[in-house]
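Hi there,

Here is the structure I promised to pass on to you. Have a look at it first, and then read my notes below.

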Amino acid sequence: MPAAAGAIKISGETAAIYDQATGSFVFDGPVTITDGNTVITGAWVSYQGDAQVLQFRGPVSIKQNGSIISGNDLVYDVKKGEGQINQALGSVTPAGAVSPVYVIGEQVATCRERTTVTGARLTTCDPKSPGYYL
């Protein structure tokens, strides 16, 4: 069931709840939210319209500008521009690099000014069985 609000597009297997008065909804997965060049996919999502908080439960993946971050339980406060994701794994291939650099962390918190990774580890090895971390 697709829904759209401006440039944001939401598609999910099942719209379990939609409250037009508050703009709140719950989708069961798979769920995809697209906003320009940002694509978020997950198994379950809710949006509290009055509080403007987006919450994914379970596995979630964010693709943006050629970078990918995956993890669990994403919470994003739209008003504040702040969010966090648990058990995060991100990858980016810097200009001139031969292979991607993987960033693994217990939690990634982001706001408009900075991104903080708690328990961060870096590797260029396969992140599922890395030979080393930095």
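Tyr47 is buried, with a relative accessible area of 18%. Buried means under 20% relative accessible area, exposed means over 50%, and partly exposed is in between, using a 1.4 Å probe and protein chains only. Before going on, a word on the source: this is a predicted model, in which local features need pLDDT of at least 70, side-chain atom pairs count only at pLDDT 80 or more, and totals for chains, interfaces and linings use all residues. Residues are numbered from 1 along each chain as its sequence is written, and side-chain values use heavy atoms, with hydrogens and water left out.

How many aromatic pairs does a search of the whole structure find? The search turns up 2. Rings of Phe, Tyr and Trp (its six-membered ring) pair if their centres lie within 6.5 Å; planes under 30 degrees apart count as stacked, over 60 as edge-to-face, and the rest as tilted. Phe25 and Phe27 have ring centres 5.3 Å apart and planes at 70°, so they make an edge-to-face pair. Phe25 is buried at 11% relative accessible area, and Phe27 is buried at 4%. Phe25 also pairs with Tyr47: here the ring centres are 5.6 Å apart and the planes at 25°, so this pair is stacked. Phe25 lies in strand 3 (residues 24-35) and Tyr47 in strand 4 (residues 38-48), so the pair ties together parts that are 22 residues apart in sequence. Strands (E, at least two residues) are DSSP runs, numbered from the N terminus, as are helices (H or I, at least four). Put together, Phe25, Phe27 and Tyr47 form one aromatic cluster.

Strand 3 and strand 4 run antiparallel and are joined by 9 bridges. Two strands pair if DSSP finds at least two bridges between them. Ile33 has Ile40 in strand 4 as its bridge partner. The hairpin of these strands has 2 residues between them, and Gly36 takes a positive phi near 65° there.

Which residues touch the most other members of the largest nonpolar core? Of its 16 residues, they are Ile33, Val45, Phe56 and Leu74. Strand 3, strand 4, strand 5 (53-64) and strand 7 each supply at least two residues of this core. A nonpolar core is a set of buried Ala, Val, Leu, Ile, Met, Phe, Trp, Tyr and Cys residues joined through side-chain atoms within 4.5 Å. In soluble globular proteins, nonpolar side chains tend to be buried together.

Leaving aside neighbours within four places in sequence, Val45 is in contact (heavy atoms within 4.5 Å) with Phe25, Val26, Phe27, Val31, Ile33, Leu54, Gln55 and Phe56.

Glu82 is found in strand 7 (residues 82-92). Is Glu82 buried or partly exposed? Glu82 is partly exposed, with a relative accessible area of 39%. Not counting residues up to four places away in sequence, Glu82 touches Val75, Tyr76, Asp77, Thr110 and Cys111. The C-alpha atoms of Glu82 and Val53 are separated by 9.7 Å, and these residues are 29 apart along the chain.

Strand 7 pairs with strand 8 (residues 101-110) in the antiparallel sense over 9 bridges, and Val92 stands opposite Val101 in strand 8. Strand 8 is also joined to strand 9 (residues 115-118) by 4 bridges, again antiparallel. Thr110 has Thr115 in strand 9 as its bridge partner, and the hairpin from strand 8 to strand 9 goes through 4 residues. Strand 8 and strand 10 pair in the antiparallel sense too, over 3 bridges, with Leu122 in strand 10 as the bridge partner of Val103.

Thr123 is found in strand 10 (residues 121-123) and is buried, with a relative accessible area of 2%. The side chain of Thr123 reaches the backbone nitrogen of Cys125 at 3.0 Å. That is a polar contact: a pair of N or O atoms within 3.5 Å, where within protein one must be able to donate a hydrogen and the other to accept it, and residues adjacent in sequence count only if both atoms are side-chain atoms. Thr123 and Tyr102 are 21 residues apart along the chain, and their C-alpha atoms are separated by 5.3 Å.

Cheers
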